Amino acid sequence: MINSDKILFIPSIRHGNGTGHLRRCLEWSSELKKAHYYLPSEDKESAIDLKNHPLIKKTANLVRHDSEKELKQIDWKLIVLDNRTTYDVPSVLNKIPVIAIDETGPFRQRASYVLDILPSRKRKQANNHVFSFLNFPEKIRSIRPLKKILISFGGEDPGNLSQKILDSLDKKLLENYEWSVILPHRGNTEAIPNQVQCLHYVEDLKNQLHHYDLVITSYGLTALEALASQVFVLLFNPGSYHDQLSRNFRIPYCPRGFKKNKRQLNQYLNHAIGLLNEGGESSFKSLWSKMTIKHQSLLEWLEKMTISSESCPVCGSMDRKVIGRFEFKSYFICTNCSMKYMVQFMQKSDIYSKDYFFSEYKKQYGKTYLEDFPHIQKMGEERLDRIPIKAGKILDIGCAYGPFLLKAAERGFSAWGLEISEEAVSHIQENYPQINIHQGSFENLDIHHSVFSENQFDVITMWYVIEHFDDLKSLLPKLNSLLKEGGILALSTPHASGISGQFNLQNFLKNSPEDHFTLWDRKSAVKALKLHGFRSIRFHVTGHHPERFPLILKKILTYNMRKYMSILLGWGDTFEIYAKKGK
Ligand SMILES: [Zn+2]
């Protein structure tokens, strides 16, 4: 659960972006007791007079932070970035998870989570696209002939479009319709025909839109709100990007050539308004119905999130590239240590109950864990063969029902186990006195206040366990200190460079379990283990699956050829890592 007092909103107030970003953030945060905003005072590019802007003045819950120094004082849990084009967030916010909304800049790559809300050109790699987070007006225009027209290009109107349209109105247009214009903040609209009603700021504009029959604006929030009020919309966009968006959404817009001069603009307006007058209702019906969606609260959605550690679990760096985005998780590759890792956004469920070893295991492998026991024991023997140390004290972390430790004990090791599942621990206690079993998680284990101590073990093993930890920066040193000098750490884990990761990374990431935080390959394993005091790192690739080869290779190669190829190239989907403690 995210504490909403620790959410920081960063809306764009830059010249050219209008007030829409600020406006929608203010709506989202309106239910909060305190809504924290970063609105830097030295932003010279800002189009908004922050001190005097009515939106800010009337917002009682707004707590404004205007310097990086101030931002440092709160332990933020989440940033909601509604900044359109972002290159970077202030460095003091570097390790705070960021939800980037409709982001188009380079930060789209780095953001923890990308949420697209406005209907847009098909943008690549968003975690989620949720139109219903917009807060649409509830009041709807009653069906009547087109009469009242509103021109509104926001407080900023960078293209001076209000004036251009006013200039192009001829006698006929002025006489046949009732015109209103919302003046931009900079005020002086040069010459406004007498018949046009001039409005300065309109409080709660979206709930006033249903009083008009047509709104002339550019692509953005006001246009969508007008459609939601079942009002006609004509768009005059400042650039081709917004024309493209309008086209995708099928909202009529004024083509570029017509904006060149007064005469052409007048022609277009006469033509377009004429068309709306004739059969407008039927052509707008589908657009209007698109907007009748059930509103979802962004705040409630944010509060439900649980965000796993934000920086690289191995080295702590934030330098990274995104490699996959899904509704509840994002994957990055650390450009510092090469580890692929997940940042997760959903509640972690308690999955190591008895259910995990029985029904869940059966779902994955076709038999329950205990039915699979002899097979797992056989694998354990092979692993023991690969461990270069043959006697002494061995600790298996996440030992489950003890199949590996039983084999280790048979070979003369003093067998120690650590396991989180209480059922598994009592099973061992009742049946296998030769195992020295302890219940608990390795994360919470304090080696200075327990039966465990430094330099205690000759071998530590973790079979399919390491990927479950989201903080290896503290875990790997802890493993290191438990081992004797020259002791062996043996791991097995899914192989990110196996056949599945190699040929269909997106599918591999999508199917990677929600509790696997790191995805290992040889390169990242060497870096991670060397960084935390291990050397002589060896690999044994397992999990060869000739049936998972891409179709093209399946067509040319027989099953056995593919199997041979997989072994030769190390394309198995799992692998084992053996490393020695020492610099
Ligand atoms: Zn790293």
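In this predicted model, strand β9, spanning residues 178-182, is joined to β10 by three bridges. The two strands run parallel. Within this pair, serine 180 of β9 lies opposite glutamine 197 of β10. The pair belongs to an open sheet of five strands, ordered β10-β9-β8-β11-β12. Pairing in the sheet is parallel. The edges are held by β10 (197-199) and β12 (232-235). Each of these has a single partner strand, so one side of each has no neighbour in the sheet. From one strand to the next, the twist averages 20°.

Helix packing was examined for α1 (residues 20-28) and α7 (residues 221-228). Their axes lie 10 Å apart and meet at an angle of about 55°. This angle makes α1 oblique to α7, because it falls in neither the roughly parallel range, under 35 degrees, nor the roughly perpendicular range, 65 to 115. On the α1 side, the contact is made by Gly20, Arg23 and Arg24. Helix α7 contributes Leu221, Thr222 and Glu225. By class, the contact residues comprise three charged, two polar and one nonpolar.

The largest nonpolar core contains 128 residues. Trp179, Ile216, Phe236 and Trp520 have the most contacts inside this core. Helix α9 (residues 262-290) supplies the largest share, nine residues. A second core is separate and has 28 residues. Among its members are Ile376, Ile428, Tyr432 and Trp463.

Conventions
Residues numbered from 1 in each chain as written. Predicted model: local features only at pLDDT ≥ 70, side-chain atom pairs only at ≥ 80, totals over all residues. Heavy atoms only, no water. Pairing = 2+ DSSP bridges. Helix = DSSP H or I, 4+ residues; strand = E, 2+ residues; numbered from the N terminus. Axes fitted to C-alpha atoms, helices over the stretch in contact; angles between N-to-C directions. Parallel < 35°, antiparallel > 145°, perpendicular 65-115°, else oblique. Contact = heavy atoms within 4.5 Å. Nonpolar A, V, L, I, M, F, W, Y, C, P; charged D, E, K, R; others polar. Core = buried A, V, L, I, M, F, W, Y, C linked by side-chain atoms within 4.5 Å. Buried < 20%, exposed > 50% of the residue type's maximum accessible area, 1.4 Å probe, protein only.
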